[in-house]
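Please consider the structure shown below together with its sequence. The paragraphs that follow lead through it one region at a time.

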Amino acid sequence: MRIITDFAAIQAGRPVIEAVRADYAVIHRAFDQANSSAARLAAIREWDRLRDRLDTWLALASLRFEQDTRDADAKAERDYSDSIRPHLTELEVGMKRRLIAHADRPAFEEALGAHVFRLWESDITTFDPAITADLEAESKLEARYTELMASAKIPFRGEELNLSGLQRWTVDADRDTRHAAEAARWAFFAENGSELDTIYDEMVRLRTAMARKLGFENYLGLGYRRLRRTDYGPADVARYRDQIAADIVPLAARLIAARGKALGLSPMMAWDEGMGDPSGNPKPEGDANWIRGQAAEVFANLDPRLGAFWQVLDTRQLLDLEVRPGKAGGGFCTSFPTHGLPFIFSNFNGTMGDVDVLTHEMGHAFQNWSSHDKPISDLRWPTMEAAEIHSMSLEFLAHPHMDRFFGADAERYRQQHLANAILFLPYGVAIDHFQHLVYSSPEATPAERHAMWREVEGRYMPWRQWGDLAHPAAGGAWQAKMHVYAAPLYYIDYTLAQCCALQFWDRAARDSGEALAAYVALCGRGGEAPFQALVAGAGLTSPFAPGALGAVAERVALTLGV
Ligand code: ZN
């Protein structure tokens, strides 16, 4: 059942743990007393509805804090959700354990699919009541990082900017402006560098301790299970990183060199790399509100299903797009499962990135919307690497309509977006490789971690020159990546998905109708299968397959003339 309503009408009462325990007791009793598979499945559905109510409340509590990190009430609610979450996980894991071991499992699998049981088998290894306090401490550390980042008040050109607001100056057409903006940005990180080291150090130690309490050697085993990776492991990821180093890094180096040539800059410094061409990066021709209006046309012209869904988001206030003081950085899509409605959060700042984020988060939102009717809530979102295919592919599928945002600069946008997709891959795997090094040697000192970053930066971005920016030059650049702190081991997912999105780009260039149909069908599958099965089902080559990246790299090189 989907209840289409305004955002303001989506409410969820703050759960009290005793009441939730009582709800669980009722469900367990109904499950025990059931004398048929149908009756047991009814109890499972009741459990799922309870999880929907709790997940909706958690999503609201988290969103309101991100919308204004200075709001004391929102902060209190978020703190409360941090404290209650481990208890909710404990209850949930208890139910999953019962279902996995139950004699009636074949009937459950018949109704819900077998995949959800593989997910639960992964989930139950990631929790034990012994780590309850650790989980709470981990959430608090993550909130500390978010608050520290959101607290940035960086004086620049007579304004006081937060990190998102400063971003647009780092891609300014004027080189001195870019350098000054990067210098201001890294000065903030240098100033808070030891606090950022301390937060991360505590996180690494805490995560390692949790992993060991659960019987893992280090956090890598636990981290993969938490991300519900059921069809590949660290060895596959390591081989994939090697493929990126072999097939993508040389292409990325040629792209950087070509940019340098076009810009007349040698060497290309770190603050020049984001510059696509001498005319400066294309900018959307209006502000957040204008983009919102254009988006309605873009999505309607792309596909009537996307157009109709955008109308729901727009008219129901399920969008928070513009940058504001106190608002947390970044962009994301969340959802309110009691209503079957997603929500898009972003920080539009007048750069081409606004359009990337718009089409990206729209992809997530559309997938969630399309997967609402899955037999159990676990299947409404796929695992992260599969979820990012929906978002990153839509960035490419929307290419033919970019004139609505960029006018005469649409072709320049397409070229730069494609080049940026390639340049992202080495950075993305560097972030991943760094974390594998960190969690393999959890006793390393902060200084040793900075050396680890320099090592991976040299391997995947050998062209990178930081010049006089001392903090990143000394190996501190990873501190600006939120995912390193708040979403451990997650970043590789974007790169795996990008390799799939580039295949959609290629297909759409040959037959846009075919590509769009395959895309919509993939969104409709949600999370009913693991990553590589979803990929194969959509006619894509798995990024883990030997030689998977060479073909698409060649096509990109041809298109961009490098
Ligand atoms: Zn995403």
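A residue is called buried when its relative accessible area is under 20%, exposed when it is over 50%, and partly exposed in between, with a 1.4 Å probe and protein chains only. The model is predicted, so local features need pLDDT of at least 70 and side-chain atom pairs count only at pLDDT 80 or more, while totals for chains, interfaces and linings use all residues. Residues are numbered from 1 along each chain as its sequence is written, and side-chain values use heavy atoms, with hydrogens and water left out.

Leu91 counts as buried because its relative accessible area is 17%. Contact means heavy atoms within 4.5 Å. Setting aside residues up to four places away in sequence, Leu91 touches Ile17, Val20, Arg21 and Tyr24. Although Arg21 is 70 residues away from Leu91 along the chain, the C-alpha atoms of the two are separated by 7.5 Å.

Ala173 belongs to the loop between α7 (163-167) and α8 (175-191). Is Ala173 buried or exposed? Its relative accessibility is 51%, and therefore Ala173 counts as exposed. Apart from neighbours within four places in sequence, Ala173 is in contact with Arg178, Met275 and Gly280. Between Ala173 and Ala474, which are 301 residues apart in sequence, the C-alpha to C-alpha distance is 27 Å.

The next topic is the packing of helices. Two packed helices are described by the angle between their axes and by the distance between those axes. The axes are lines fitted to C-alpha atoms, for helices over the stretch in contact, and the angles run from 0 to 180 degrees between N-to-C directions. Angles under 35 degrees count as roughly parallel, over 145 as roughly antiparallel, 65 to 115 as roughly perpendicular, and the rest as oblique.

Helix α14 (residues 353-370) packs against helix α15 (residues 384-397) at an angle of about 135 degrees, and their axes are 7 Å apart. This angle is why α14 is oblique to α15. On the α14 side, the residues making the contact include Thr359, Met362 and His364, and on the α15 side they include His390, Met392 and Leu394. Sorted by class, this contact has 4 nonpolar, 7 polar and 3 charged residues; Ala, Val, Leu, Ile, Met, Phe, Trp, Tyr, Cys and Pro count as nonpolar, Asp, Glu, Lys and Arg as charged, and the others, Gly among them, as polar. Asn368 is also found in helix α14. At 5% relative accessibility, Asn368 is buried, and beyond four places in sequence Asn368 touches Ser335, Pro342, Arg380 and Trp381.

A second pair consists of helix α21 (residues 492-510) and helix α24 (residues 548-560), whose axes come within 10 Å and cross at roughly 55 degrees. At that angle α21 is oblique to α24. Among the contacting residues are Cys499, Leu502 and Trp505 of α21, and Leu549 and Val552 of α24.

Finally, how many disulfides does the structure hold? The number is 0, where a disulfide is a pair of cysteine sulfur atoms within 2.5 Å. The sulfur of Cys500 has its closest cysteine sulfur in Cys499, 6.8 Å away, and this is too far for a bond. For Cys523, the closest cysteine sulfur is that of Cys333, at 11 Å, which is also too far for a bond. Cys500 is buried, at 0% relative accessibility, and Cys523 is buried with a relative accessible area of 0%.

Technical notes
Helix = DSSP H or I, 4+ residues; strand = E, 2+ residues; numbered from the N terminus.
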